[in-house]
Amino acid sequence: MPVGVRRRSDSTRQNGLPRAPTGGYGFRVTKTSFSGVPSLSARMARQALRIASKLGLPVEVLLQRASGLRLSDLDDPELRIPYAVLDDLLEQMVELSGDANLGLHVARVEVVDLDDPATFVVLTSATLRDSMERGCRYQRVWGDGERFQMEDTGVGVRMRFTPVGTWRPAHRHLVEAALSQFATGVRAFTGEDVLPLRVRFTHEAPADLREHEELFRCPLVFGAPFNDIEFSQEDARRPFVHADALLHRMFERLAQRELERLPEVLTTADRVREQVRQALSGGDASFGAVARALRVPTRTLQRRLAEEGQSYAAIVEALRRELSGIYLRRRMSIAEVSFLLGYAEPAAFHRAFKRWWGMSPERYRRENMPASP
């Protein structure tokens, strides 16, 4: 059992509340640190509880049932909680309130957390695209795992969001909170009425879509393969009203220090990613070879990745995309980059690169080549 965690009671009801949903870790969190459990900042729990208070729900009891914590504990800016605690909290709130669109309402809490440097890194970014890149870079300040992934498309840029762990009902509300915060945040940070090109959800459409349509005001797709929100290239270049290069560098230093203070949590996806990185150039980067190198049966590895909301193909794709940009900025030839990324021929690399970045490798290198002294 992780340090600083105690088991939760098995009683079916407490203080008139239903038993907490199953499927989480089944732990109560204490303020002492714990290891080996992917966690997130307690900021999201504070945000959810503000909505619970507005709904007239018993806030202290809800928090106690989900985590064993008191409200005063959440004032600690360094407190992190297992993801399952927030899942339990959201599911109890939905059951007690009957609020079918809880995620959209959690996202509307307008409170700026002064102890959150990563948010200020995003806020002071130069453009929407820059803010998306920084959000991905410093996302662990908010929570472990690669929940946010930025992707270039043929017509724009999109942000993908993947909840951590095996799917449970709370994840629908986490996804809707994340994507609606993104949509409203872009409008606030650019000072323009920016509309997404499209928003996609992996869950099925709710019975009443009026609130979703009013908020996003763009095509909505449900039952999709991924959760993501997409903006045009023009909107991705829009400047932020609070852009400030000096403040941005200061907040980046603070966010980096916060990252360095966090305990290391090596997820299955992290281990797979590192093994793939080592095997791409000249080695065997197949799923079976990676599973053998990690000494994990293939079915077990596949299941563990799914529990983290990841897949082998997505990890390889994201790693190749990231490394392609790094290698080209280092003035490597396209043939070298193709080989280092494990492609049998440069033509296959060309096709993949255009899909990732929306341009050819040659054009990317011209536009991103460091200036000569």
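With which residue does Glu322 form a salt bridge? The partner is Arg273, the closest N and O atoms being 2.4 Å apart. A salt bridge here is a side-chain nitrogen of Lys or Arg within 4 Å of a carboxyl oxygen of Asp or Glu. The pair links distant parts of the chain, with Glu322 in helix H14 and Arg273 in helix H11, 49 residues apart. Helices (H or I, at least four residues) and strands (E, at least two) are DSSP runs, numbered from the N terminus. Glu322 is partly exposed at 32% relative accessibility. Arg273 is buried at 16%. Buried means under 20% relative accessible area, exposed over 50%, and partly exposed in between (1.4 Å probe, protein chains only).

The model is predicted: local features need pLDDT of at least 70, side-chain atom pairs count only at pLDDT 80 or more, and totals for chains, interfaces and linings use all residues. Residues are numbered from 1 along each chain as its sequence is written, and side-chain values use heavy atoms, without hydrogens and water.

The structure holds 22 salt bridges. One of them joins Asp144 and Arg80 at 3.3 Å, N to O. Asp144 lies in the loop between H6 and S7 and Arg80 in strand S6 (residues 80-82), so the pair ties together parts 64 residues apart in sequence. Both residues, Asp144 and Arg80, are buried. Arg160 pairs with Glu151 in a further salt bridge, at 2.7 Å between the closest N and O atoms. Arg160 is buried, with a relative accessible area of 8%. Glu151 is also buried, at 15%.

The largest pocket has a volume of about 1,800 Å³. Of its 47 lining residues, Cys136, Met150, Ala318, Arg321 and Glu322 are the closest to the centre. On a 1 Å grid over the protein atoms alone, a pocket is an open set of points with protein on both sides within 12 Å along at least five of seven lines; a cavity is a set where a 1.4 Å probe fits but cannot get out; lining residues have an atom within 4 Å of a point. Grid points are joined across faces, edges and corners, and a volume is the space filled by probe spheres set on the points. H14 gives the most to the pocket lining, with eight residues.

Two cavities of 30 Å³ or more are counted. The largest cavity has a volume of about 200 Å³. Its lining comprises 17 residues, with Gly145, Glu146, Thr267, Ala269 and Gln310 nearest the centre. H11 and H14 each give two or more residues to this lining.
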